[in-house]
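I opened my notebook beside the model. These are my entries, in the order I looked things up.

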Amino acid sequence: MMRDAQTGLPADRPPRLLHACRNALRVTSVRIVVQTVTLGLLVSFVLLTTSSSLDRLPALRHWVGKLLEVDPLAALATTITTHRLYKALIWSLVILIPTLFLGRFFCNWICPLGTLNQFVGWLSSSARAGQRPSVEGPSASPNRYRRSQATKYYVLIALVAAALVGTLQTGLLDPICLIYRSLTAAVLPVAQMSAPNLLEDPRLHQGAWLIGFLLLALLAANLFYPRFFCRVLCPLGALLGLLSRLAWWRIQRDPTRCTGCGLCLAHCEGACDPHTRLRRAECLVCFNCIEDCPEGALRFGCLPSRQGERAGPDLSRRQLVLAGLAGLVFYPLARGSGRVTRDFSSRLIRPPGALEELEFLRRCIKCDQCIRVCPTNVIQPGWFEAGLEGLWTPVLNFRIGHCQLNCTACGQVCPTGAIRPITVAQKLGLGEMTEAGPIRLGTAHVDPGRCLPYSAGIACQVCEEVCPTSPKAIRVETLPGRQFPVPRVDLSLCIGCGLCERECPVAGDRRAIYVTADGETRSQRYSQADRNRSVRLPAPPRSIPKQDRLPE
Amino acid sequence: MTDRPITRRECLARGAGAAVAAGLAAAGGFLLHDREGRDPATDLPSAGGLRDFFAGIDFPAGSPRIAVVVGHEQRIRQMVQAALAALDPELGLKRFVGRGDVVLIKPNVGFDRPPHLGATTHPEVLRWVIRLCREAGASRVMVTDNPIESPQACFAKSGIGPVVQAEGAELVLPASGRFRVLAPWPDPAGQQATAASIDWQRWPLLWEPLDQATRLIGLAPVKDHNLAGGSMALKNWYGFLGGRRSQLHQAIHEAISDLALLLSPTLVIADATRVMMRSGPTGGRLSDVSPGGKLGRPVLVASVDPVACDSWCYQNLLDRDPAGLPYLELAARKIQSQIRAGRRRFGQSDWRVYGSEGRIATISV
């Protein structure tokens with residue numbers, strides 16, 4: 001076949017305009033546009049819907065978290081831990097069902113972390129030798145299949161095994177959760193710090209350095225190992241890879257046309273061996289190989305290639321068992337510290353509408369959406385207050401903010417129902433919820449050793465002044481021997497909103513008034529002593545408060 | 001001979017480059033030299049002093065100092081106009097705001113409460129003040145406050161934010177870059193410095209709008225205050241403070257009287273359309289709120305003397321004895337030194353003095 005030396009196309013090529021249109025309509029061009037638009041939409045939605053802008057663009061609220069709702073790994077894992085598929089997570093079928101026909105198209109067409117990985121790899125590969133067929137052939141290409149690519153399946157098995165015994169840890173490595181979390185805790189504050197006074201003051205996030213460095217490390221790994229995260233670590237990719245063994249469409253190679261040049265590997269994103277027996281579970285459906293093949297030997301077709309293909313991943317049985325055991329063993333090791341039950345931390349305060357701790361840990365995918373929408377920045381990515389499982393789950397830090405009285409934003413954005421979408425009436429115990437009472441996050445306690453009128457004979461009344469409940473849960477009383485009135489918390493009225501701790505002039509991490517998780521309503525139903533955090537004897541219940549009922 | 005031969009041009013170029021680099025390094029070193037090892041006392045940039053926002057106003061000696069308007073909830077516009085007309089029948093607000101003035105209006109947006117609970121300024125009062133400022137020829141109208149809770153929530157919930165947007169005024173949010181500490185006062189006699197009780201060079205103020213404004217109008221709701229006694233025109237200035245201002249509660253009367261000394265406004269309007277009689281300043285119950293307090297009908301009090309205004313409102317609206325409000329006397333004493341030096345005109349702690357001089361106008365609409 002005569003080829004044009006410059007373009008590599010057949011010499012009898014069509015006129016210029018048609019050629020340009022065909023170029024633009026190449027599948028890879030369309031794919032790049034789709035990838036860019038998806039990533040761009042995600043980033044701009046997240047930037048536009050920080051808490052202050054949430055009211056200005058209410059229509060965006062439902063769309064910001066859409067990627068989380070279509071995440072099949074989140075849906076699968078929460079279904080395993082809770083035996084239910086929560087609400088909007090059913091949208092994950094939108095990704096699952098096409099995967100069963102088309103393969104892992106999600107990884108290269110939609111996943112924003114995939115797009116970022118691909119972009120970083122592309123930046124570094126522009127001078128790479130892989131552009132031309134190497135003298136050694138495909139075995140030296142950076143896109144050759146490597147055994148390390150099996151690791152992600154072991155990661156998936158370990159996470160699924162952990163979920164089977166009741167602990168949800170997929171959020172740590174799930175790419176969608178990871179990208180949302182990194183945008184919230186690392187990227188957005190950096191953007192805010194570079195534009196002072198224009199956007200709101202930069203928000204603070206505990207441990208943001210770790211979240212940011214994780215993202216940076218994963219992106220930097222692409223410089224040495226293309227699509228490192230996607231090929232080696234991604235549990236969602238592993239799940240979709242396992243599902244694509246049933247797929248109808250795949251890359252087909254015509255051995256009569258194939259010359260064995262290995263050019264198809266030049267930009268192969270999945271390292272799936274299109275030049276020999278295609279590894280279906282690794283193919284990311286990027287279509288680069290089809291474009292790169294000078295002989296036109298590859299196409300996206302419905303039948304397996306004549307010389308065969310590898311439908312499923314190459315997994316060693318021994319590794320699988322070890323991975324499963326690792327996942328199973330994680331649970332007793334994590335729970336064995338007792339931080340979730342008897343040795344619970346009084347400083348572990350969860351957002352309003354959060355379920356009881358064991359149920360919460362079965363649902364939280366650590367996407368940190370609640371942290372992003374919180375208007376006062378009080379919700380923080382957790383550290384190990386709830387033991388090993390609590391990393392990056394939302395905890396409240398009243399030195400940074402407080403829980404605004406009439407706000408229920410966190411529950412509205414939680415995709416898995418770890419935080420329930422409550423109404424203001426439920427939160428404050430108003431109207432028909434008066435009998436049930438308000439949702440308490442905890443209780444405030446005065447530290448008389450630090451409190452100024454108690455211990456230093458100095459007038460102060462800030463906690464009483466700022467207490468937002470009506471009637472106020474803090475009042476001042478004059479005690480004999482004290483020159484100025486001292487504050488006193490009414491345990492039946494305090495809802496643990498933390499405004500008193502936030503505003504206390506005795507600042508730092510040991511404030512003169514501070515909130516603990518004691519008395520939180522989400523734990524009060526449980527007769528088991530190690531999960532019940534009541535302080536006072538509760539009044540006999542007339543009915544189970546609606547907000548405390550377990551999910552249907 | 002191992003060296004590469006060098007041309008004259010190259011030699012000169014290199015020498016010149018080295019000389020320039022050396023010169024820059026030396027200059028940089030000398031400019032930044034810190035011989036004493038100065039202690040950076042605060043990480044906030046300091047600003048100048050505060051200007052007198054009453055300067056340049058030709059206020060007739062015989063005019064009323066306090067104007068009280070009793071009206072109706074549906075007649076807020078008439079109440080605002082009547083209050084200003086009472087202070088100056090000829091010009092009204094135009095006596096105070098001229099063409100080209102940059103007006104800063106300071107309402108109370110301190111709490112995340114809806115307006116009917118009386119914790120914040122009535123948005124309709126603000127609306128008409130903004131309009132009248134525009135009619136008087138103001139080139140810019142800014143509205144600001146530094147609430148305790150999230151500014152976005154407070155401005156939205158109190159109804160102030162939407163009114164500011166609707167009237168085309170500027171909403172100045174308390175972003176951290178807008179705060180400064182005051183520079184040492186350029187007061188040769190040192191009177192202002194010694195008169196103040198608090199070391200104001202340690203406290204950040206919401207400086208940017210104050211610096212840009214030529215006129216300052218305070219719009220304070222009249223409220224009970226559990227610690228200070230009352231929260232009215234003078235306590236309203238608290239909203240200019242940043243930092244850990246809750247520490248000032250330990251000397252609240254000293255702090256309020258100092259603010260009265262520091263800020264010499266153009267006008268204050270006490271918004272007594274809904275008076276919080278108990279549980280102030282946060283409130284939260286409708287049963288604590290009464291229109292006009294003791295008077296039972298919505299009231300607006302416009303005044304050029306914030307101290308006397310507070311005194312009047314404390315007695316006639318909150319129904320308490322101003323003698324029991326320590327900051328009034330303290331404020332009057334501090335301002336007295338300014339009055340003697342001819343730098344201020346008004347600072348009377350006992351409203352009855354104006355009453356006896358016939359300088360209180362009372363109107364009903």
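**Entry 1: Val190(A)**

I count Val190(A) as exposed because it has 11 C-beta neighbours inside 10 Å. The cut-offs I used: buried is 20 or more other C-beta atoms within 10 Å of the residue's own, exposed is 12 or fewer, partly exposed is in between, and C-beta atoms are placed from the backbone. I placed Val190(A) in helix 10 (residues 175-194) of chain A. Helices here are DSSP runs (H or I, at least four residues), as are strands (E, at least two), numbered from the N terminus. From Val190(A) to Val285(A) I found 95 residues in sequence and 34 Å in space, C-alpha to C-alpha.

I noted that this is a predicted model, where local features need pLDDT of at least 70, side-chain atom pairs count only at pLDDT 80 or more, and totals for chains, interfaces and linings use all residues. Residues are numbered from 1 along each chain as its sequence is written, while chains are lettered from A and ligands numbered from 1 in the order in which they are written.

**Entry 2: helix 9 of chain A**

Is helix 9 of chain A mostly covered or mostly open? I found it mostly covered, with twelve of its 14 residues buried. Among them are Tyr153(A), Leu156(A) and Ala161(A). The cover includes helix 5 (72-82) and helix 15 (317-335) of chain A. Helix 9 (residues 151-164) reaches 20 Å from its first C-alpha to its last, close to the 20 Å expected. The expected span is 1.5 Å times one less than the number of residues. After helix 9 of chain A comes Gly166(A), with a positive phi near 110 degrees.

**Entry 3: chain B**

I listed eleven helices and 13 strands in chain B. Its C-alpha atoms fill a box of roughly 105 × 45 × 40 Å along the principal axes. Of its 365 residues, 51% count as buried.

Next I took helix 2 (residues 76-87) and helix 3 (residues 123-135) of chain B, which pack at about 55 degrees with axes 9 Å apart. The two helices are therefore oblique to each other. Angles under 35 degrees count as roughly parallel, over 145 as roughly antiparallel, 65 to 115 as roughly perpendicular and the rest as oblique. Residues making the contact include Val80(B) of helix 2 and Trp128(B) of helix 3. Contact means C-beta atoms, placed from the backbone, within 7 Å.

**Entry 4: where the chains meet**

How many residues of chain B are in contact with chain A? I noted 22, in contact with 26 residues of chain A.

Key:
Two residues are in contact if their C-beta atoms, placed from the backbone, lie within 7 Å. Axes are lines fitted to C-alpha atoms, for helices over the stretch in contact, and angles run from 0 to 180 degrees between N-to-C directions.
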